[in-house]
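Here is a short tour of one protein model. Look at the sequence and the structure, then read on.

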Amino acid sequence: MAQPLVKKDDDRDDEADYSPFLGIEKGAVLQEARVFNDPQLDPRRCSQVITKLLYLLNQGETFTKVEATEVFFAVTKLFQSKDTGLRRMVYLMIKELSPSADEVIIVTSSLMKDMNSKTDMYRANAIRVLCRITDGTLLTQIERYLKQAIVDKNPVVASAALVSGVHILQTNPEIVKRWSNEVQEAVQSRAALVQFHALALLHQIRQNDRLAVSKLVTSLTRGTVRSPLARCLLIRYTSQVIRESSQNPQTGDRPFYDYLEACLRHKAEMVIFEAARAITELSGVTSRELTPAITVLQLFLSSSKPVLRFAAVRTLNKVAMTHPLAVTNCNIDMESLISDQNRSIATLAITTLLKTGNESSVDRLMKQITNFMSDIADEFKIVVVEAIRSLCLKFPLKYRSLMNFLSNILREEGGFEYKKAIVDSIVILIRDIPDAKESGLFHLCEFIEDCEFTYLSTQILHFLGNEGPKTSDPSKYIRYIYNRVILENPTVRAGAVSTLAKFGALVDALKPRIFVLLRRCLFDSDDEVRDRATLYLNTLGADGFVGETEKDVKEFLFDSLDVPLVNLQTSLQNYEPSEEPFDISSVPREVKTQPLAEKKATGKKPAGLGAPPSGPPSTVDAYEKLLSSISEFSSFGKLFKSSAPVELTEAETEYAVNVVKHIYDGHVVFQYNCTNTIPTQLLENVTVFVDSSEAEEFEEVVSKPLRTLPYDSPGQTFVAFGKPEGVPAVGKFSNVLKFIVKEVDSSGEADDDGVEDEYQLEDLEVVPADYMLKVGVANFRNAWESMGDDCERVDEYGLGVRESLAEAVSAVINILGMQPCEGTENVPNNSRSHNCLLSGVFIGNIRVLVRLAFGIDGRQVAMKLSVRSEDQSISDAIHDIVANG
């Protein structure tokens, strides 16, 4: 008897992909729609046709204007049918067709009639459709009906009106805001869904008034909300109020925290979870505040419902990032979830355990994970790999078992992102745990023997070239590297040649063998490989060539390029072959970001060189070319930096002025980009009077006025100041635009006589960041180590109360004006600590590297600042900038 049943189930599985809409065509369905015109309507047949039309619309099928109009008019005839099911389909069809203003009039009367019908289903749907298809004019006519519907005894009708209000609020907020009294009354409704929709609408009406939202939360947290859905919404609004308010300075208590804690004892699971999640996401949450939330989440871990287990373990996973000790009590429950049938739950359980486990539990976890990895998808495997990496950094003594685990899964099948995550983890462990270097490099060498991803092979070869020569036996890696020259594609072969050269540069004993291998590469089929081999043989001094000095070779092979590649590319493209060799020192070293967006006032064009440039290097070149053409500035020397334009006027004023600060070693030039936005005026002898009384170290040396400034034609006037040579002088400057105004008649001719006038501009500041070029480094760790600690200074600072860690990081970066490296300017959400790496070149062409370590306790932020540079005085100056900033 069992076999026929199995066969039947199999047949059903085969038919599971069948769709009743399979193969339907728009033309055929439009023909079928003619049944809407039959004298004797068949409700079932009409409903089927409308279903097909709705399917086509939702699949992205477009109807022409004629087709849509014909269908719309045909559907309106179905209002004569009394069939309830068909009427509901008619409502859906009208909403989806979104008729034009002319067509809306046809159905308005029918819908308004239904809105006042005795049938509640008609009333609710008519309200939804009317509010969807009508404009503000008709809404004012039906507003009275909508207000009545909000407080209707039937919950379906009340909910329809409230949901419609949420949609109308986006287009006609002034109408909905008049419903506050009715909505407030609906909040007290006994119907769960009505209370939920009423609370959502009331909050949206008041959301721009913080005080009103706070009062709403205060009144509702006293126990008038019965609906679980509405209670969940209220918890979210309460969390928002808590975030925007401060703790009690005497007791340290948060406002409304007691309400969130009370919700943990609610009978509805969704309310309990929402309250627990809200508590865990509070900024600066303490262990005492977390305890009750963790307790209820722990109970959810053993729930029979997968959704509750998933919600609990995901929340605990997030908590473990910032408060791992608070989650350790749940470890036994989470270990049982490793074998959960839902792989998402199992993955989250594993990663949470890896974050909260202690050193003694590592080996046990590794055994459980080994069996688990083959059952999950790559995206889950990546999460596990990242958690293992964090665990290894937390317990360095366990690196052997963790490194072996990573090497084993590296040999298994997997996609690029998965393999990249494993390789990145091994590289980080090698860098941060010295004892792991030998075994880690060996695992990477074995991996590239059978690696299908070119990118990973080249990255590993590059890393091997930097770290391999520093090991106890560098020669054992040569075989793996040269195998890549024989067996791989040109990109990997070229990378292998560079790696061989690095071994030759650092290990003298291997140099003869490296020369033999590089000479073999001279006969490679790829020109890049041959060129690299030739270059490195000459650089290292093979075949009697006079090689570079050891210092130059190491700088060439290991130091990062100190000019941005995009700038180097542009300079090489602009270089014209001549007897003069290309000079790399002429390449601009600043990483130019897009200047501040110009204010787009009506009839106003970007002012001169203050306009957004077409590309970063061209702006630098344009400024340098412009300034060098002015004789007064020719003796100032080489331009060090030009700032982004700083606006000195508001948008849509008579005159648009912005300023660019040009920094020289002993001078600062202010370039004022001016635009006259008045068509009937011509400005002559335009200059800017600069008051430097608040900038004591500056002395004005030259001012270059602008002869004429016609309407809508940008021009520049310059003011130059002298300052102490090589000193990052700062100060504040007041600016007044002075000029002679001449009226211009309709023919475009200006009057002979003019009137002197002036226009007050915003103040301008020269800050320490103006003396710093944003110059990134490819490998911050290598750059930091090669800089050495001879000119290092380390100190700690309190940054006071901050809204978040991200705000503190951004503030320090802006004060220093340096280039963030390796994406460290991005701070993860809810992070309690963060490290940021910065690089730049200080005036005088002094390279500077900065390491920032931030920590936040409550809202108090502390920072450890480590600075390395080529000059001790510059390291001290960076600390002074932060201390005074």
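## Cores

In this predicted model, the largest nonpolar core has 191 residues. Those with the most contacts inside it are Phe 36, Ile 50, Ile 94, Leu 111, Leu 354, Val 384 and Leu 500. Helix H7 (residues 120–133) gives the largest share of this core, 9 residues. Leu 111 touches Phe 79, Tyr 91, Ala 126, Val 129, Leu 130 and Ile 133, leaving aside residues up to four places away in sequence. In soluble globular proteins, nonpolar side chains tend to be buried together.

## Overall picture

The protein has 885 residues, and 49% of them count as buried. Its secondary structure comes to 37 helices and 17 strands. The C-alpha atoms fill a box of roughly 100 × 100 × 70 Å along the principal axes. Take the contacts between residues at least 6 apart in sequence: 64% of them join residues at least 24 apart.

## Confidence

The mean pLDDT is 83, and 91% of the residues reach 70 or more. Over residues 1–16 the pLDDT is below 50. Beyond near neighbours in sequence, residues 1–16 have 0 contacts in the model. Residues 592–618 also have a pLDDT below 50. That stretch has 61 contacts beyond near neighbours in sequence. Where pLDDT is low, the predicted coordinates should not be read in detail.

## Two packed helices

How do helix H21 and helix H23 lie relative to each other, parallel or perpendicular? The axes of H21 (residues 343–356) and H23 (residues 378–394) come within 8 Å and cross at roughly 10°. Angles under 35 degrees count as roughly parallel, so H21 and H23 are roughly parallel to each other. H21 brings Ser 344, Thr 347, Ile 350, Thr 351, Leu 354, Lys 355 and Thr 356 to the contact. H23 brings Phe 380, Val 383, Val 384, Ala 387, Ile 388, Leu 391 and Lys 394. By class, the contact has 8 nonpolar, 4 polar and 2 charged residues. Leu 354 and Val 384, both in this contact, are also among the residues with the most contacts inside the largest core.

## A covered helix

Helix H28 (residues 478–487) is mostly covered, with 7 of its 10 residues buried. The buried ones are Ile 478, Tyr 480, Ile 481, Tyr 482, Asn 483, Arg 484 and Val 485. Their cover includes helix H26 (437–448), helix H27 (454–467), helix H29 (490–506) and helix H30 (511–521).

Is Gln 681 buried or exposed? Its relative accessible area is 14%, under the 20% cut-off, so Gln 681 is buried. Gln 681 is found in strand E5 (residues 681–694). It touches Tyr 655, Asn 676, Tyr 711, Val 741, Lys 742, Glu 743 and Val 744, not counting residues up to four places away in sequence.

Thr 286 sits in the loop between helix H16 (269–280) and helix H17 (287–301). At 35% relative accessibility, Thr 286 counts as partly exposed.

The table pairs each residue with a partner along the chain.

| Pair | Apart in sequence | C-alpha to C-alpha |
|---|---|---|
| Gln 681 and Ile 740 | 59 residues | 9.9 Å |
| Thr 286 and Asp 857 | 571 residues | 9.8 Å |

Technical notes
Residues numbered from 1 in each chain as written. Predicted model: local features only at pLDDT ≥ 70, side-chain atom pairs only at ≥ 80, totals over all residues. Heavy atoms only, no water. pLDDT = per-residue confidence, 0-100. Contact = heavy atoms within 4.5 Å. Core = buried A, V, L, I, M, F, W, Y, C linked by side-chain atoms within 4.5 Å. Buried < 20%, exposed > 50% of the residue type's maximum accessible area, 1.4 Å probe, protein only. Helix = DSSP H or I, 4+ residues; strand = E, 2+ residues; numbered from the N terminus. Axes fitted to C-alpha atoms, helices over the stretch in contact; angles between N-to-C directions. Parallel < 35°, antiparallel > 145°, perpendicular 65-115°, else oblique. Nonpolar A, V, L, I, M, F, W, Y, C, P; charged D, E, K, R; others polar.
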